[in-house]
Amino acid sequence: MTGLRMKDRVEILLAIILIVSQSCKSPKAEKIIAVTSTGTAFRKEYIVKKINFPDKAASMCRPTGLTRSDSATFMEGGGREFKETLFNKPVAVTGVPAGMKFINGGEFSMGGVNPVGMSGGGHENMNDARPVHRVKVNAYYMDATEVTNKQFAAFVKATGYVTVAEQKPTKEEFPEVPEDNLVAGSLVFKAPGQKVLLDNYLQWWAYVKDANWKHPQGPNSSIIGKDNYPVVQVCWQDAAAYAKWAGKRLPTEAEWEYAARGGQAGKLYAWGNEMKPGGKWMANIFEGSFPNKDAGVDGFKGLAPVKQFPPNGYGLYDIAGNAWEWCDDWYRADYYQTIANNKIVNNPKGPAYSYDPDEPGVKKKVQRGGSFLCTDQYCTRYMVGTRGKGEYRSASNHIGFRCVKDVASLLTNNSKLITVNGMLYLAHYSFYHK
């Protein structure tokens, strides 16, 4: 909120400024003008600090000198920054939890290249996704799809849980906001009626009273008949609560990317290097004129039900596009730099605290995968190595999540891991008396 006088801030909920859609915000310098409920205009001016990474970081893909025709060549194998994925000893397990996929552990190159200049690469350098570095993760299970409305409804019914968006903001949390403006609600994408400059995201985002997971676009919307749609309007805190109830957890950022790559190394997308292999759309993203007109040529305008596009190599659906997915890690723009000197980073859990130079005082968690709003006109973070971010208690109608479960957590007193012909199995023993 740098540059705003205290009395100017009381006319607008802080949540509007601490917008979750930072995940898709232009990296350029911005001048934002919004109008308060009283019609008084205020101005927020800031310069997004450019993060300069060493030249050796993803040096194969700098924007200068890279033409569109070069993209396939440079992305085949991801360039010299990416090394072969090394898988753990082959594992075969029984009793995989319903709706989940087994992800064998391994060592891989984590991060992404600079896509600017590539065909469909967009305009963001993705500096926070570099340097590319080696990471090792243990085996785990991951939800095949994003958590659906039906699944989340079962959680709410069983526990009586109330999401953050359904709760009235407190005076303690927003001491300078007038009581009348402290209303339950959340952020909703609102397509403007005409083409606009992409320098002010408040032209297409609004804080809507009573918008929540049951009413994703506001009180007049509903999820009736949409059981198999991803649940949205859930913040990180809500997602973590669901995961705990389900006996699962949110994935680390490293686990998410390892699974999203589907066993491939250095590919631009979860399915390979070509955006539309054989002319076929592989994810629900934004086509047309952003943000005013989604042409829906991929088959959907806005959010889509799960499993509408082919799964990746590990059988995971919608790992790109549709809805952003929360990860467990705090977000730091420079986190990869802090661990890049390690030869291999084992099961990283992310930084100890959040830091985003765009908004230093805002606590943000990592988001991955992009959403139905991502487009090469503005945001291309459906690319598998790229990163998103969001204030951990903020929600919107394009953010959901999926869960993971540790393999070891399935072991009981009557089960153990055994090796048969070089393969690892989960064996369960039942004892009984005649």
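How many aromatic pairs does the structure hold? There are 22 aromatic pairs, where rings of Phe, Tyr and Trp (its six-membered ring) pair if their centres lie within 6.5 Å; planes under 30 degrees apart count as stacked, over 60 as edge-to-face and the rest as tilted. This is a predicted model, in which local features need pLDDT of at least 70 and side-chain atom pairs count only at pLDDT 80 or more, while totals for chains, interfaces and linings use all residues. Residues are numbered from 1 along each chain as its sequence is written, and side-chain values use heavy atoms, leaving out hydrogens and water.

**Aromatic rings**

- Phe152 and Trp213 make an edge-to-face pair, because their ring centres are 5.2 Å apart and their planes stand at 70 degrees.
- Phe152 belongs to helix α4 (residues 149–159) and Trp213 to the loop between β9 (205–209) and α5 (236–245), so this pair ties together parts that are 61 residues apart in sequence. Helices (H or I, at least four residues) and strands (E, at least two) are DSSP runs, numbered from the N terminus.
- Phe152 is buried at 0% relative accessible area, and Trp213 is buried at 4%; buried means under 20% relative accessible area, exposed over 50%, partly exposed in between (1.4 Å probe, protein chains only).
- Tyr242 and Phe401 are also edge-to-face, with centres 5.5 Å apart and planes at 70 degrees.
- One aromatic cluster takes in Phe152, Phe155, Tyr161, Trp213, Tyr242, Trp245 and Phe401.

- Strand β12 (residues 324–330) pairs with β16 in the parallel sense over 2 bridges, and Trp324 has Ile399 as its bridge partner in β16.
- Another open sheet of 4 strands, also mixed in pairing, runs in the order β3-β5-β6-β13.
- Strands β5 (residues 106–110) and β6 (residues 133–137) are antiparallel and joined by 5 bridges.

**Around Asn397**

- Asn397 sits in the loop between β15 (388–391) and β16 (399–400), and is buried with a relative accessible area of 7%.
- Beyond its neighbours within four places in sequence, Asn397 has contacts (heavy atoms within 4.5 Å) that include Leu187, Trp205 and Phe372.
- A polar atom of the Asn397 side chain lies 3.0 Å from the backbone nitrogen of Phe189.

Conventions. A polar contact is a pair of N or O atoms within 3.5 Å; within protein, one must be able to donate a hydrogen and the other to accept it, and residues adjacent in sequence count only if both atoms are side-chain atoms. Two strands pair if DSSP finds at least two bridges between them.
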